[in-house]
Amino acid sequence: MSSSVIPSASQSFRSRLIVLLLVVVVAGMSQGLLLPLLSILLEDSGVSSDINGLNSAAMYVGIFCTMFFAEKPVLRFGYKKVILTGISVVTLTSLLFPFTHSLAVWFVLRLLVGVGDSLLHFSTQLWIVSSSPADRRGKYISLYGMAYGLGFSIGPLGINLLPFGRAVPFLVTCSFFICVLLLVLRMNNEKPERAAKGARNENRFVTTYRMAWFVLIPGLLYGLMESSMNSSFPLYGLRIELSQHWISLLLLAFGVGGLILQLPLGIWSDRIGRKPVLIVCGFIGSIAFLAIPAAGSNVAVLFVLFAIAGGVVGSFFSLGLAYAADILPRAILPAANVIASIHFSIGSILGPTVGGYGLRYLSVHSVFLFLGAAFLAFALLGFGFRPQRAAA
């Protein structure tokens, strides 16, 4: 009888994982499309670049703010219901964009998209991490990272649907969301483990930092790196006289490198441990970033360096989550996910700010020198980190 129960549980986990990964792919597609699509529509409407950028920030504000309350609804209502809420918010909000040109309304809509995306990602991340077998956790959370990266890369292709009508890209995205919503509806609901009744929220967050401070840094570095590459590198490329064509291809190389190594790094971390993989990736990423200024405008060398850097640091967020699940009690794992997501948001805000300031006042190479120093510091800190206990 026990032999029939185990395959059934394993099959149930695989079915749930497939659905959750499909949800993440569609969410990535939505985010990958909305960012450039809305910017293009505003540009065509004659909106200045600074106002355009300010309007774009609304989505990140929504993501950041949601992290302060996302944990409670998941604990109370379960993963499934929060995922359905996130999908519904993003779908309904996306449908409203084509019907108005008001910047104020778009700001609110983008804020709501950020809220929906944040709820959706928080729930899927936590569900995958908390239910994965410990010896394959790195593999499964890496699949999550690959799913998001794949969707985010495909999303901008939806811009090509604009000639068929302003509303068509939004309608196509929403149709994908409706499909995954129907799949989620068929899933069984589950809830995370709760902390002891006497425990206070503040204590859980303090405990998380005390036990897993090193594990929470990758989220900050990933946000810092991703936003710096997307916002500061194009300016750097133009200043060293790279064409827009090569700038786009180099960014593609960075993203493809992350997709290619995401799963192998997750599997290796299952076999030899998260900490050694994170430290080695931190060192290699640091060397690659620090070497970029030396490459100058040599496109072939830059292409290799970008692929290496993207490959080794593109898994930082997912590996950090997997490491947290290894060393923290399950009852405070939701708190770790909240902190990691807040760190990612802080890094995403800091990246363009630090990069822009450095380009203007310090050196054209400052963004890569800063990223190289940050990843080197992380790798060195890893030697002093000693996990206190394994997850219960």
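C65 is partly exposed, at 41% relative accessible area. C281, in contrast, is buried, with a relative accessibility of 3%. The structure, a predicted model, contains zero disulfides.

C281 lies in helix α11 and belongs to its contact with helix α12. Helix α11 spans residues 274–295, and α12 spans residues 299–313. Their axes come within 9 Å and cross at roughly 155°. Angles over 145 degrees count as roughly antiparallel, so α11 is roughly antiparallel to α12. The crossing of this pair is left-handed. On the α11 side, the contact is formed by C281, I284, G285, A288, F289, A291, I292 and A295. Their partners in α12 are V301, L302, L305, F306, I308, A309, V312 and V313. By class, the residues of this contact are 15 nonpolar, one polar and no charged.

Helix α11 also packs against helix α15, residues 366–382. Here the axes are 8 Å apart, at an angle of about 155°. Helix α11 is therefore roughly antiparallel to α15. This crossing, too, is left-handed. From α11, the contact draws on K275, L278, I279, G282, F283, S286, F289, L290, I292 and P293. Helix α15 contributes F368, L369, L371, G372, A373, F375, L376, F378, A379, L380 and G382. The residues of the α11 contact with α15 comprise 16 nonpolar, four polar and one charged. F289 and I292 of α11 take part in the contact with α12 and also in the contact with α15.

Methods:
Residues numbered from 1 in each chain as written. Predicted model: local features only at pLDDT ≥ 70, side-chain atom pairs only at ≥ 80, totals over all residues. Heavy atoms only, no water. Axes fitted to C-alpha atoms, helices over the stretch in contact; angles between N-to-C directions. Helix = DSSP H or I, 4+ residues; strand = E, 2+ residues; numbered from the N terminus. Parallel < 35°, antiparallel > 145°, perpendicular 65-115°, else oblique. Left-handed = near helix turned anticlockwise from the far one by under 90°. Contact = heavy atoms within 4.5 Å. Nonpolar A, V, L, I, M, F, W, Y, C, P; charged D, E, K, R; others polar. Disulfide = S-S within 2.5 Å. Buried < 20%, exposed > 50% of the residue type's maximum accessible area, 1.4 Å probe, protein only.
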